[in-house]
Each structure stands twice: as structure tokens, then as C-alpha cells.
Amino acid sequence: MGFGAAIARRMGLEGAAVIVNYPGDKSEAAKVVSDIVASGGRAISLRADITKRDEVQIMLSESVKAFGPLDVLVNNAGAYEFLPLEAITEEHFHNLFDLNVLGTILVTQAAIPYFKRTGGSVVNISSVVSVCPSELGPVYSATKGAIDALTKSLAKAHASRQIRFNTLNPGLTPTEGVRSLGEMGRVMLNDILRQTPLGRNGSVEDVAAAAVFFASDESSFITGESLLVSGGRR
């Protein structure tokens, strides 16, 4: 859903063969695949819990069987939960760090051997909270800071293979996840809107367009960078 669905659809429109990952319920992934195929693209969905190394390995192996070596990896899967310091538990910490950080590491680790000899692009979805942390969610903000640092480290480590690593850092966007927060989500969107110089909330399509840029040869001399897609808020 959200960013992942928009990025997958836009990649399909640009001519990519797309693997859509889903963790459990296949219905949303099936909609995305159907939309890509209906627009003349190629796509399949594959189930994997990205916090489980064995499942990730199988997903990547099946991906290559379907469409051959990789050109692009988008690490978008993530979770957020807003708790103040006094309410943080071990479970809260591990739920966010396991999916947002460990998941990104495991998928990237499994994907690197499958990239083409000519290299490719890894796009990690971070957040504006990595540079403008939210007082409502210190652990969530920390996971996104970790993604930015991880990306810069991997950009150096794999530059010789011409595999580029960059992050997109969206501002708060009215996705399904934000809407599911109800009144809290509406209050947050309005608060962020007042702080955004461009005077509007972002859209999933804004993020998808930036992901295509980082995936393409148009950004071939850019690696280890973070791009804020936040309407000027920082």
C-alpha cells in the first residue's frame, strides 16, 4: 500500500518488470500487480516476511527466476508506532527496528549477489524525521536515522561494483497508514501542513517520481545521498 504501491505502479509504467513483496494478505499486492499488467507491464507478487532470512532468500531466488538479474531494489517496507520515552518497551523497540532496519539489511544482503555486472540502484525509503525527529516517536525517528547512515555506508562499500545507494525522505503523507490513525492522523497532517513551505501535503506519487529518478540512469553519478521529499520542511 501507500508508497510501495505507488512506486511499484510507476516503475511498471516506466518499463520495469516488478516484483511486489507482501508479508501476509495478498489482496493489496494482487491489485498492484493487476494494475501494472493492465497497463502493459510485467509484474508478479511474492510473499516474504523480510525479518526472516530464509524467507527473504527464497523471495530473491524466485525473483531472479521470474525476470532475471536485478537492476533496482526499493526497500520500502516499514512500520511506525508513536510512543514517548516513558512508554517505550522492548517489544516496541524490536518491532520497529526489526522491520525498518533489520528487514532492509536482510533484503539488501540477499539482493546484492543478484545485481547485474553493470551495477544498479538501491533506493531506501527513510523519512524526514531522520533529520527533523518527531517528539512523538523517538524510536521510529531513530530507525530512519539508522537507514540514512546504513545507506551512506553501503554506498561506499559497493561503489566499486557500480551499485548506488540513496534514500528518499518523505514528509508525512496521507497514506492508508496515516488515515488509519483517525483523529491523531488528521491532527498530525494539519500540523505538518502548517510547517510546510510549499503549503500542501505530499502525495505517494511525489515519492514514486523521486524513486524512479534514483532508479534511472538520470542519477548515475549520485550515491550515498538523502533526498527530502517534504515540501521544504526540514
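**Exercise 1. Where is Pro-133 found, and is Pro-133 buried or exposed?**

The model is predicted: local features need pLDDT of at least 70, side-chain atom pairs count only at pLDDT 80 or more, and totals for chains, interfaces and linings use all residues. Residues are numbered from 1 along each chain as its sequence is written, and side-chain values use heavy atoms, with hydrogens and water left out.

Step 1. Helices (H or I, at least four residues) and strands (E, at least two) are DSSP runs, numbered from the N terminus. Pro-133 is found in the loop between β4 and α5.

Step 2. Buried means under 20% relative accessible area, exposed over 50%, and partly exposed in between (1.4 Å probe, protein chains only). Pro-133 has a relative accessible area of 54% and is therefore exposed.

Step 3. The C-alpha atoms of Pro-133 and Gly-145 are separated by 8.9 Å, with the two residues twelve apart along the chain.

**Exercise 2. Describe the surroundings of Ser-130 and of Thr-167.**

Step 1. Ser-130 lies in the loop between β4 (120–125) and α5 (138–157). Its relative accessible area is 18%, so Ser-130 is buried.

Step 2. A polar contact is a pair of N or O atoms within 3.5 Å; within protein, one must be able to donate a hydrogen and the other to accept it, and residues adjacent in sequence count only if both atoms are side-chain atoms. A polar atom of the Ser-130 side chain lies 3.0 Å from the backbone oxygen of Ser-127. The side chain of Ser-130 also makes a polar contact with that of Asn-169 (3.1 Å).

Step 3. Contact means heavy atoms within 4.5 Å. Neighbours within four places in sequence aside, Ser-130 touches Ser-141, Lys-144, Gly-145, Asp-148 and Asn-169.

Step 4. Thr-167 belongs to strand β5 (residues 163–170). Thr-167 is buried because its relative accessible area is 0%. Its side chain makes a polar contact with the side chain of Asn-169 (3.0 Å). Beyond four places in sequence, the contacts of Thr-167 include Asn-124, Asp-148 and Phe-214.

**Exercise 3. Check the length of helix α1 and determine how α1 packs against α2 and α8.**

Step 1. The expected span of a helix is 1.5 Å times one less than its number of residues. The twelve residues of α1 (residues 2–13) should therefore span 16 Å, and the end C-alpha atoms are 17 Å apart, which agrees.

Step 2. Axes are lines fitted to C-alpha atoms, for helices over the stretch in contact, and angles run from 0 to 180 degrees between N-to-C directions. Angles under 35 degrees count as roughly parallel, over 145 as roughly antiparallel, 65 to 115 as roughly perpendicular and the rest as oblique.

Step 3. Helix α2 (residues 27–38) packs on α1 at about 20°, with axes 9 Å apart. The pair is therefore roughly parallel. Ala-5, Ala-8, Arg-9 and Gly-12 of α1 make the contact with Lys-31, Val-32, Asp-35 and Ile-36 of α2.

Step 4. Between α1 and helix α8 (residues 204–215) the angle is about 50° and the axes are 8 Å apart. Thus α1 is oblique to α8. Among the residues that meet are Phe-3 and Ile-7 in α1 and Val-207 and Ala-211 in α8.

**Exercise 4. Classify the packing of α4 on α5.**

Step 1. Helix α4 (residues 90–111) and α5 pack at about 20°, with axes 9 Å apart.

Step 2. The two helices are therefore roughly parallel.

Step 3. The contact includes Phe-93, Leu-96 and Phe-97 of α4 and Ala-146, Ile-147 and Leu-150 of α5.
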